[in-house]
Every structure is written in structure tokens, then in C-alpha cells.
Amino acid sequence: MNEHTQESHDHHHEESFVRKYIFSLDHKTIGKQFLIFGLIMFIVGGGLALLFRWQLAWPDRPLPIIGASQTYLEEGEVETAADRKWEERYDDDKDSWLETNMPSGIIDPNFYNSLFTMHATIMVFFVVVPLLVGAFGNFLIPLMIGTRDMAFPVLNMLSFWSNMLGTIIMIAGFFVPGGHAAAGWTGYAPLSSVPELSGVDWGQNLWCISLIVMGISSLMGSINYITTIINMRAPGMTWFRLPLAIWALFIVAILLLLAFPVVASALGLILFDRLAGTSFFSAEGGGDALLWQHLFWFFAHPEVYILILPGMGMASEMLPVFSRKPIFGYKSMVYAMIAIAFLSWIVWGHHMFQSGMNPALGMAFMTTTMLIAVPSAIKTFNWLGTLYRASIRFTVPMLNTLAFVSMFVIGGLSGIYMANSPVDIYIHDTYYIVAHIHYVVFGGSVFAIFGGVFYWFPKMFGRHMNEILGKIHFWISFIAFNGVFFPMHIIGVGGHMRRISNPTQYEFLQHMQWINVLITMFAFVLGAAQILLLINVFWSMFRGKVAEQNPWQATTLEWQAPTPVPHGNFGAIPHVYHGPYEYSVPGAESDWIPQTQPNGESLPDEPVPAGAAAD
Amino acid sequence: MLKWLNFPEWLPENVSTFGKGVDNLFVAIYWITSIAFLGVMITLIVFLIKYRYQEGRSAGYIHGNTTLEYVWTIATAVIVFGLAMFSLPQWNKIKFPSQFPGDPGAVVQVNGKQFNWDMTYPGPDGEWETDDDLQLENQLHVPVNEVVHIRLTSDDVIHSFFVPQLRLKQDALPGRFINVWFEATKPGTYEIPCAELCGFGHSGMLGYLTVHTEEDYEAWKSERWPDTETKGVNVE
């Protein structure tokens, strides 16, 4: 097979613009498409968050700029305008989209629900998964395992373009009558399954359809990843010589493949309930509201690990490079990820402790959930072990990786509170869980993405990102991130419910309102800082310092390919001789030995098992 | 600054019998996680300073340490598994209907509906759906220091019955009756927000729990059911 591929790539032909940049079959271009797509959606999702943060800090005050609307200017008084809109909410003749959703610049309660629903939906399905799995998965897998492309390049292209189709459907939901889905990203039935109960009409339907399309896109990607990693590893690339990022992506692909069909069928049932008059989730028709939660969380808990495992893998790539040291406990890192993946299937009930399911299940799920702390702790201690006696370079990717590790520690530890079902009785559905998920997914995954973009940018685009701008972006993001999400623990402990649009309606939350103001101010700083990231990415793409082949002096295969990486990636398929993290080997000439360099005397001899190579 | 890090200080006042147990577990986890966090962070910062790049010093060539890895794996497993086992009785006490304390001083059906809490009292006959039933909107009246049983249900979507000061939260499901109990230890009025997203009126869906002293509660009852001799609002 290698020979065949080699041959076909030797005959280079000029590709049309469309084939090269739009409907590209090249895994690298598809990876970059996902990267740019994810970064743009990151700004969209963040913008939605800023809108509802305004409402939480200054409830029912008109938004800046948008708030200076005609009605407001004419009537001069906000309350009357808002009250009138409230009465008219079921009238058909609305003035404009803006007036419907933000009458007089004040966020309408239903629009508020749409905002946080779409913030989470976009961040989970349109930002973090496309970036981690789509962008880095596509770009890194063939390069890091030493092959020329994905197993199914056409499927790969379809994966990106069905992802775009899903995006168009999802964005369209904002502009249909009745507004966008407003039942939370968890879409709890029957609020999501009975249109009359939420007042949302086609918004919720489009939400379901879009997620099914996005899921199909993920399925195409995951089938591709699994096939490629199993069958197309370079000669000598045994399972235990795979870089940890590839292990993570391999495990994630399996999780996606198994989890998605469950939620697809559940979303289908919601559509049946809404459009065909069935009642899978309505008690009066013999259905059950809890059915949705079981199906959803059976998918969504693995999904949470889909969001974090690639980040763990990428952190495990960057940490050794900038520590100039082998990763500590390679095999236990692999087994820990497999354990996390396995456990992710038997913990979904911890989202449902207070849902009304049999409390005996609460006991079982508390125990399994607590056990996830074990592989998580193994990984954290191994990262610390990697830093022991290292020679640390504080580059931008390293700073982001260190932020990943420390923020993941906070996110992991705060999870223990919720895993403990008696404590969860109190903090369930408060801001404590909001803080927790953001420490894992923003503090974890997104900082890993920041680091990963900076780290692999030279290989992707042949140019470096700007180091100074990168550091400024990192420090502002890191400080503002903690300013936004750490206080959420505190208001959560104070009992602040999530998903309420006006905390000042509650007596027991009054004394904490100033914290909401503080959080919002930090949120605006955090949002503004991301502009620096965008400038850095897009400016560096064209104007950045030209990169050499292996600027970080890393050992893994992608850095042994030429820069810019040609179609087909490698001149000749590389041969792999040892594991991926051979740094600071005593007696070696340089402090890094690439995987392609045959074992010298300095490296312990490792037999290459027959049949391990791709054939 | 320290107040920011002292999570337990931010808990609202506890006024239920089982709330103390929840708070104690919270504090226990707070200390376990704080120590773990400080341990990891101090190690991390020490390593970052000590092992930063310096001219002439190269990194060690270490692939792992099996003993160390076994130690921290087993230690973590013992701590979290122990914590789970230690917490189970508390969970059972609050949520297992078979372990509810009997002889309630009041039984009330709480019905979540967009966007109010309907409270139904069975009246002196202790039977549901009889003439002496009393229905109140957003007002729950119970006696202090007596067990209260709640029959929780919903008319439309999922709501969540949350009384922060009681450390009690339970979702209300359409088509199901879920039993909940509590025993308040301090008279006063407490808010009952809805903690599960239930539609555009979710924010502001708010009821009030009034915990009466014994005399007040008797007075409230005789005011509500003046014709009948009240013998405690009991079921069956």
C-alpha cells in the first residue's frame, strides 16, 4: 500500500483552487479549515456569553449600543417599553428581530434562555470538538503516525462540509419565529419536546436537526481516525510508540463512534414528539421525561471526555518538548486515558442525582464517579513528574500547557463536590457546576488549544506566531479566566442557581450581586483578549517569521516532515525506531533524538515486533 | 482575600436537621481538595522555579517510577473510595423513602407549574382530593422541629424544588410523585426558587416556606380550617 501511495503522489499535478482550498481532500487543509472555522465560532459563542453576562450583572438595563434603540430613545423610560413587549410576546406582528429579542435593548427572558443555550451548544459542538478533534485530529494524525493522508480522504472532506451544513442550520435557528432553542444545551424534555411549553417553535427543531448533522460529521471523522490509526502507522510505529496525542485522539474517536448514535436517536425522538405527535417524553401520553436525561447523559458524559482527552494528549506532547525530558510514566498515561474512556460510560447518572431517578442508583453512580479521580490524578502526577529535574523553557505553548495542567487540577478537584451525592443535593444546578465545567473545558481544553495552535502553527502555515503578542494574550486570558470563573464557585456555594436571568429577584442572592458585576467585567476583558489571538493567528499566517522544519527541536514525526508540508507529507515514509519522547538522553549528541533516528548506543535497544508496522 | 478561598463561609445559614451532615461533608471535601490543590500547586511552582532552563544544566532522563506511580494511584483510590463510602449514609438518610422518619407534623403536595409552586394541604381528614383540601400559591407553611413530608410533582415541565437553607433540592417531574422530607429547626421565612430551567419565566419562579413555631402553626391551622378540630394534618 505504501508503494502504491508513494507512486500516486510522485505524479504531481496542479490542483484547481476549489480542489485545493475549498473541497480539499488533503488532511492538512481540512485540519486548517476546521481550525479557522473553530476560531470564528469561538468568537460567536463568546459574544453570546458577553450578552447574557451583561444581563446578569445589570439585570433589565438596556445593553450598550443596542440599548440606544428607537423605542428607548422615544419613550425615554425603559420599564414601560419592556412591559409592553412582555404583554405583546405572543402577538404575531413584531417590529424587528432586534425588537423581539431585545425590546428596548433589554434582553427578553426567552432570548436570554436562547443565549445561554446557544453559547453552550456552539462552544461544545462548534468550537471545542471541531478544534480539538477536527483541526488537530486531522492535521496531526497522519503526520504523527507517519503516513501520507487519512484512510478515507473523501469522507474527511464530507466531514468538514457536513459540519458546515450543520452550522448553517444552527445559525438559521436564531432567525425563525419563536426564536432559537431555549431549553439549555442539555435540552431537557418536556420543555424541549413540547412546543407549547417553551414557546419555541422551529428553533428547537433546527437545533435537533443541526446536532444530528454535526454528529454525522463527527462519525465520518471518527471512522476515518480509527481506520487510519489502526492500519496506516509507519513501519516501526508500534502502539506503545504512538505519541500520547494520537492515543488521545484514537480513544476519543472510539467514544464519538459509540456515543453519538445514542444522542442521535434521542434527538430523533424529540423531533417525533414535536412534529409527529408522539409522546416519548410526555407523561400524559405514557412517556417519561427521564428517558431523555438517560439517553442524553449517556452520550454527553463521554462527550465531556471527548472535550478534554485531546487536550490532555496535546499537553502531553508540549510538556516534554519544553521540559526537554521524556514524559513521566508513558504507559500509565495511556492506561489512564483508557480508564477514563471506560469509566465515562458508567457515570452518566451523576448528572441525575436530583432528577428523581431511584436514589439507589445515586449510590452506584457516586462510587463510579469518584473512581474517575484516580486516572485523572495519575495524569496530573505524571505531568508533575515530567517537570521534575526538567529544563523548562517558558515559551507560549508551555505557558498555556502549564495553565492547562493547573486549571485542570482545579476543575478536577471541584468535580469531587458534585460527585458526592449528598453535597450535590445542595450545589446541583448552581453556579458551582458552571465554574467546574468551565475550569475543565475552558481552563483545560481551550488553554490546550491556545498552546496547540501556537505550537503546531509553524508546521501548519510555515510561519511562527508572534511570541510577544502570544504572551500578552496568554497572561490576560489566564488572569481574566480566573477572574470570571473562580468567583462562580463562591456564588455557587452561596446557592446562586444557574440559568436564571435576574438574580436580584431573590432575597438570598442579593448580597452576592456585586460578584456578578465583577464576573461580567472580567468576562469583557477575557472576550477582548481573544481579539489578540485572532490578530496573531491571521496576521502570522501571512506575515509571521518564516519557520524552519523543526523549530522546537521535537522528536515526533510531524517535525521530521518538511515545512511547509508537501502533499503526501513525507518524501519517503519514515521508519520509527523508538518511543516519542527521547529527550536529554545521556551520551547523545543533542538533547533530542527523533523517532526516525535509529537506536544508537545511548538508547536502550528495543526490539521492533514483527507486524507492528503498517502493511 | 481569605474569605474568597474559604468556601464554607459562603454557605447560607443551615436550618434543617440533615443540613448539618451535608455541610460537614462539604467541609470535609473542602479540606481534602484544598490540601490536594495546595500540594500540587506548591510542587508545580517549586519545580517551575528550580528546574527552569539554566545554562549548563541539562534535564534528567527519567521515564517514570513504578513504585511512585503505584503509591499515588492506590492513595487516590483509597481516599475517593473511602469518601464515597463515608458519604453514602447521608445520601440514604435524605433521599431513601424507606428511611424517612415517620409521624410527620405536616404533609403537603407541592406542584410545580409554569411559573409557580402550588401547595396542596390534605386538610384535617388527611385525604387528598376531598372538600377540605387547601390549595395555596407559592406559600408553604410548616411547623418547626417537626418532620414534614412533601409529595412533589409537576403539571408541565421539570421544575426543581430548592430550599437553600434546608440543603434540599429535588426535581419535580410531570407524571410522577416524588417523596421528600425535611425537618426545619428555625422559624422564619425562606425562599423556594426553582432550580431547573423551566421556560421563559424560570427566573423569578419563587415560592416561600414559612416555618412556624408550634403555637403559630396551630393558629395558622385553625385559621384555615376553623370548623374542624385539628389533630395535625396527617395522611392516612
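The bend at a residue is the angle between two axes, one fitted to the seven residues ending there and one to the seven starting there. Helices (H or I, at least four residues) and strands (E, at least two) are DSSP runs, numbered from the N terminus. Residues are numbered from 1 along each chain as its sequence is written, and chains are lettered from A and ligands numbered from 1 in the order in which they are written. This is a predicted model, where local features need pLDDT of at least 70 and side-chain atom pairs count only at pLDDT 80 or more, while totals for chains, interfaces and linings use all residues.

**Exercise 1. Follow helix 18 of chain A and find its kink.**

Step 1: Go to residues 431-461, which form helix 18 of chain A.
Step 2: Stop at A:Tyr455, where a kink of about 40° lies, shortly before the proline A:Pro458.

**Exercise 2. Describe chain A as a whole.**

Step 1: Count the elements: chain A has 20 helices and zero strands.
Step 2: Take the extent of the C-alpha trace, about 80 × 55 × 50 Å along its principal axes.
Step 3: Compare the radius of gyration, taken over C-alpha atoms, with the globule rule of 2.2 Å times the number of residues to the power 0.38. For 615 residues a compact globule would come near 25 Å, and chain A agrees because its value is 25 Å.
Step 4: Look at burial: 60% of the 615 residues of chain A count as buried.

**Exercise 3. Work out the strand order of the five-stranded open sheet in chain B.**

Step 1: Two strands pair if DSSP finds at least two bridges between them.
Step 2: The order is 3-2-1-5-8, with mixed pairing.
Step 3: Strand 3 (134-137) and strand 8 (178-183) are the edges, each pairing on one side only.
Step 4: Strand 2 (residues 116-121) and strand 3 of chain B run antiparallel over four bridges, and B:Met119 stands opposite B:Leu136 in strand 3.

**Exercise 4. Which element of chain B gives the most residues to the side that touches chain A?**

Step 1: Contact means C-beta atoms, placed from the backbone, within 7 Å. By this rule, 74 residues of chain B are in contact with 80 residues of chain A.
Step 2: Helix 3 of chain B gives the most, with 15 residues.

How values were computed:
Contact = placed C-beta atoms within 7 Å. Buried ≥ 20, exposed ≤ 12 C-beta atoms within 10 Å, placed from the backbone.
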